[in-house]
Amino acid sequence: MIAGLDHVQLAAPPGTEDVLRAFYGGALGMTETPRPPALAARGGCWFRAGTAQLHLGGEATGFRSARKAHPGLRVTGIEAYAARLEARGTPVTRDDGLPGHRRFHCADPVGNRLEFLEPS
C-alpha cells in the first residue's frame, strides 16, 4: 500500500547547483537538506518546504528540462508569491483552468516547469 509521496525528482545539468540554490532556496524560500554522502558525489541538491520535497539531480548526458511534467506546489498567499517571483525576474503564467483553485506556472533556472496552486 502506498503511504504517501516522499519526493519529486527533477533533472538539472551538472554544475547548476548555485543557480538552483538561489532559486529554490532564495526565490522560493525552501530549505536545502543534506544529501547522503554516497549521493552527494553525483551533484545536485535537495530542498524541503513543509511536507514537500524536491530533489534536483545532475543529469550529465542528454539533459532536457521537464516542460510538461511538473510538481504542483500548494502555497498560501499565491498573488504575493507570484509577485515575489516576478520581482526576481522569473516570469509567471497565471491559469484559471482548475476549478476551485488559483494557480500559476513558471520555469526554474534550468527550464523545469513548476505549478503553484492555492484553493480559492
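Biologist: Which strands each supply at least two residues of the lining of the largest pocket?
Modeller: Strand S4 (52-58) and strand S5 (72-74) do; strands are DSSP runs of E, at least two residues, and helices runs of H or I, at least four, numbered from the N terminus. This is a predicted model, where local features need pLDDT of at least 70, side-chain atom pairs count only at pLDDT 80 or more, and totals for chains, interfaces and linings use all residues. Residues are numbered from 1 along each chain as its sequence is written, and side-chain values use heavy atoms, leaving out hydrogens and water.

Biologist: Which residues lie nearest the centre of the largest pocket?
Modeller: Ala52, Gln53, Gly72, Leu73 and Arg74, out of 19 lining residues.

Biologist: Why is Cys45 called buried?
Modeller: Buried means under 20% relative accessible area, exposed over 50%, partly exposed in between (1.4 Å probe, protein chains only). Cys45 has 0% relative accessibility, so Cys45 counts as buried.

Biologist: And what makes Cys106 buried?
Modeller: Cys106 is at 6% relative accessibility, and therefore counts as buried too.

Biologist: What does Leu28 touch?
Modeller: Leaving aside residues up to four places away in sequence, Leu28 touches Phe23, Tyr81, Arg84, Leu85, Leu114 and Phe116; contact means heavy atoms within 4.5 Å.

How values were computed. 1 Å grid on protein atoms, 1.4 Å probe; cavity = no way out; pocket = protein on both sides within 12 Å on 5 of 7 lines; lining within 4 Å.
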